[in-house]
Amino acid sequence: MLIIFILIICGNSFVVYIICIHRSLHEPMYILIAALLMNSVFISTTIYPKLLIDFLSVKQVISYPFCVFQAFIYYSFGASEFLLLTAMSFDRYVSICKPLRYPTLMRITTIRIVLVSSWLLPACELAGIERSIPKTANFIFNLGLICYTPLFNPIIYGLKVKEISKRLKSPPGGPQHKAQPVL
């Protein structure tokens, strides 16, 4: 178990380090991948230390407040993972379906807002602070939890398939395909 924990921490941290060091990897998708890997490190740090202590001890005991705290951290980072995966699928959607608008839609400020909200909204939701969050933000968070990535991918790729099939059905000399002059 200790070896698995060390591999998770070292492997994920190494990839995050590589993304941070290389300026060519400072793109939205790689930043979201780094955030997802850091989220995995946080979840592992929540689970594995207590698990290792329980394996090594004769009696497995946990206090109620620590159990509640561990569940809170585990579920908030689990919800953060879904929100990060949703942001990654949106990033891929924009890059595939709207490539000319990609630099405008996926700016570094947009990524920062997505990262901060993906880590803070689940914690606020679980802590019961959602009363102070506007209803729109609460709705968006709940929608994100309900419609996470496995539900978004078929929709995203379905939109692209519709565009492709529409192009295939139009004749080659149609309005979408103008003949290029031969020089």
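The legends below describe an overall view and close-up views of a predicted model.

**View 1. The protein chain is made of helices.** The protein chain holds 7 helices and 0 strands, and from the N terminus on its elements run α-α-α-α-α-α-α. Of its 183 residues, 29% count as buried. The accessible surface of the protein chain comes to about 12600 Å², and carbon and sulfur atoms account for 72% of that surface. Among contacts between residues at least 6 apart in sequence, 71% join residues at least 24 apart.

**View 2. Thr46 is a buried residue of helix α2.** Thr46 is found in helix α2, which covers residues 28–56. Thr46 counts as buried because its relative accessibility is 15%, and the cut-off for buried is under 20%. The side chain of Thr46 reaches the backbone oxygen of Phe42 at 2.8 Å. Leaving aside neighbours within four places in sequence, Thr46 is in contact with Gln70, Ile73 and Tyr74.

**View 3. Leu56 is an exposed residue of helix α2.** Leu56 is found in helix α2, residues 28–56. With a relative accessibility of 76%, Leu56 counts as exposed, since the cut-off for exposed is over 50%. Thr46, in helix α2 as well, counts as buried at 15%.

**View 4. Met1, Ile4, Phe55 and Leu56 make a nonpolar surface patch.** The patch comes to about 460 Å².

Technical notes
Residues numbered from 1 in each chain as written. Predicted model: local features only at pLDDT ≥ 70, side-chain atom pairs only at ≥ 80, totals over all residues. Heavy atoms only, no water. Patch = residues over 30% accessible without salt bridge, like charges linked within 9 Å, V, L, I, M, F, W, Y side chains within 5 Å. Areas by Shrake-Rupley, 256 points an atom, 1.4 Å probe, with all protein chains shown as cover. Salt bridge = Lys/Arg side-chain N within 4 Å of Asp/Glu carboxyl O. Helix = DSSP H or I, 4+ residues; strand = E, 2+ residues; numbered from the N terminus. Buried < 20%, exposed > 50% of the residue type's maximum accessible area, 1.4 Å probe, protein only. Polar contact = N/O pair within 3.5 Å; in protein donor to acceptor, adjacent residues only side chain to side chain. Contact = heavy atoms within 4.5 Å.
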